[in-house]
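Hello,

Here is the structure I promised to hand over. My notes follow it.

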Amino acid sequence: MPDRLQQAITVLQTRFGSAAPRPAAPACPSRSSGIAELDALTGIGGWPVGRLSLLAGERGSGKRTLAQQSVASASREGPVAYIDLPGRLDPEFLSRLDTRLDRLLIVRPKTVTEAMASVRVLARSGVDMIAIDLPRRRAMGLDAELPHVLHRVAEAECTVLLIHDADADDAIRYYASLIVSLQRSAWIFGRDGDLKGVQVDATVVKNRLAPPGRRACWAVPYPIT
Amino acid sequence: MIGCIRTAHPALVAAWLTAPHLRGRALILGGYAQERGAVSAVSNEARAQGVAIGMGLTQAQQFAPEGIFQPVDEEATARVRQSLLSTLHRLTPDVAAGDDPGCAFLRLDRLTLRWPDRSRLLAEIACAVEGALSVSPAIGVAGSMFVSKVAADVARPGSPLIVEPANSAAFLGRRSIDILPLDDDLREYLELLGLRTIGGLQAISRPAFRRQFGIKALDVYDLAFGIDHRDWRPFKPPVRIQAAEPLDPPIDNTEALQFIARALAERISTSLLTYGLGTRALRITLSQETAKPVVIEVRFAYPVTTASELFDGIRPRLLRASISAPLERISLRAGRLEPGYVRQPGLLIRRDGFTESIADAVARLQEEYGASLVQRAEVHPDAAPLPDHRILWKPA
């Protein structure tokens, strides 16, 4: 910044205080999802650090597979946690995605309160990424918990990824900094007729960190041997 | 006068205490013979065969093929170190840990009031150390820590060496300059000047030494005359904070139990405040009249000191505890003590100033919500194609 401009800003800050012009906030750091298309879609190179991101989509839209790929990618960098409210997580599937299982903590809470307490405590202790698998019918009471959780998450610079059904609650939509809506456009079958993956159509519905509305389409292969 | 008490390396002492038959054998600690690593401690028998500390384990095996190789038991070693200092602390509070392992210092001035005869005093010290560690220490007595350490290195167990302050310079004069804490440059300079003994160094005048080597080297020069400027850092014995209350008649209702627990929390809090400490783990032991005692662990995310914070942790555990008989005693013991100032108000800094390890966080969650809350998974791809066989779930 030129000296004269800096001087002018200082004068304005002295005269007008907080109303004076100030440099834009630094770019939000991001954590790669391990999927190049998704990283490009977010506009900041991955999932935002210290914020809540929402992966929304109907059943079979590939949101859990994408979330688990992100967890696998983050586990290669540091400790990660997976809050498995439905109790459906398959570690074998994760291991096929090259997840470092020794760095993965799987939390199986009975209630949303337990889940959110776990997120708070784990985020604060230095876990890099927390994925929360939250079915729609279990989302009761989340609106009261989210502000506290996000405060801790922002302090601890932890990435929180929420996997939720298509119609997320207003509270989740409000607190999420990034909402990626997923839709299955086609199944991918192999030559032998076996299911090999899913073609997903992703749209950034909300983005506080980059322009929203971006769309991308890519194939998500299932790690089936 | 300062006494230096030197025992064998604490790792060796720990090994001897665990397996007394190893005494008198060539014992090499640091790892097993085939492992990559360095020797951490050696017995005199192994040293006589050429094994030295810092040597590779494979090389050590070549020197002492009949030697016994063992890894160092770190916990036991720490216990031995602590035991030596605690034993001396029982004699006098003026105790300091030495830089070398197995070495401790104590001021003898106050002890001479109790034992005017110096030889009797040194015999008492040796007896106390031998009683605690089952090894006979070498004792050196001199006017400073450095000289007493050199004297202890020279002395043999059972025959203390006393160097009067007036004789310190003469005592050191015969020794090699290697016993001084020289940096590489200074050592090289002194060798270039042909100075091999401390006596040679003593022959140089202080101003000349300062001109040649600078003001920082004057500490070494003073040490050569037995003047030690190092601070005396007194050993503080570990603090044990606990409170207990016998319940007579035995109680069987939770209201009364909470009332007493609150009083005990206040007592613990007072002790913590006295020492300026906070606790991160509290053990509650409930002794039952006709059943086994119930032990409850309470973990805190950060060091807590106040009675209300302690009781906030205690109360829900007491209400959840499965008590099957009237209680006849309740005791609280504070563990994992840390300085109480660790936690800063959130107004002053962005976070509230404490960090908790992931292991602690997981332990706290498991203690709060059950061991099955946080789990780790292991995949065994070679196992039978059944989920229970291929995936092993275990508490984190």
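**Chain A**

Start just after helix 1 of chain A: Gly17(A) takes a positive phi of about 65° there. Helices (H or I, at least four residues) and strands (E, at least two) are DSSP runs, numbered from the N terminus. Please note that this is a predicted model, in which local features need pLDDT of at least 70 and side-chain atom pairs count only at pLDDT 80 or more, while totals for chains, interfaces and linings use all residues. Residues are numbered from 1 along each chain as its sequence is written, and chains are lettered from A and ligands numbered from 1 in the order in which they are written.

Helix 1 of chain A covers residues 3-16. Its 14 residues reach 20 Å from first C-alpha to last, close to the expected 20 Å. That expectation is 1.5 Å times one less than the number of residues. None of the 14 is buried, so helix 1 of chain A lies largely in the open. Buried means 20 or more other C-beta atoms within 10 Å of a residue's own; exposed means 12 or fewer, and partly exposed is in between, with C-beta atoms placed from the backbone.

Chain A has seven helices and 10 strands. Of its 225 residues, 40% are buried.

**Where the chains meet**

On chain B, 22 residues are in contact with 19 residues of chain A. Contact means C-beta atoms, placed from the backbone, within 7 Å. Helix 15 (358-369) and strand 13 (374-379) of chain B each supply at least two residues of that side. Helix 15 of chain B gives the most, with seven.

Strand 13 of chain B also runs antiparallel to strand 5 (residues 104-107) of chain A, joined by two bridges. Strands pair if DSSP finds at least two bridges between them. Val107(A) has Val374(B) as its bridge partner.

**The sheet in chain B**

Four strands of chain B form an open, antiparallel sheet in the order 9-12-10-11. Strand 9 (241-251) and strand 11 (294-304) of chain B are at the edges, each with a single partner strand, so one side of each has no neighbour in the sheet. The twist averages 15° from one strand to the next.

Seven bridges join strand 9 of chain B to strand 12 (residues 327-339) of chain B. Ile241(B) stands opposite Ala334(B) in strand 12 of chain B. Helix 14 (residues 307-320) of chain B packs on the sheet, touching strand 10 (277-288) and strand 11 of chain B. The direction of helix 14 makes about 145° with that of strand 11 of chain B. Axes are lines fitted to C-alpha atoms, for helices over the stretch in contact, and angles run from 0 to 180 degrees between N-to-C directions.

Best wishes

Key:
Contact = placed C-beta atoms within 7 Å.
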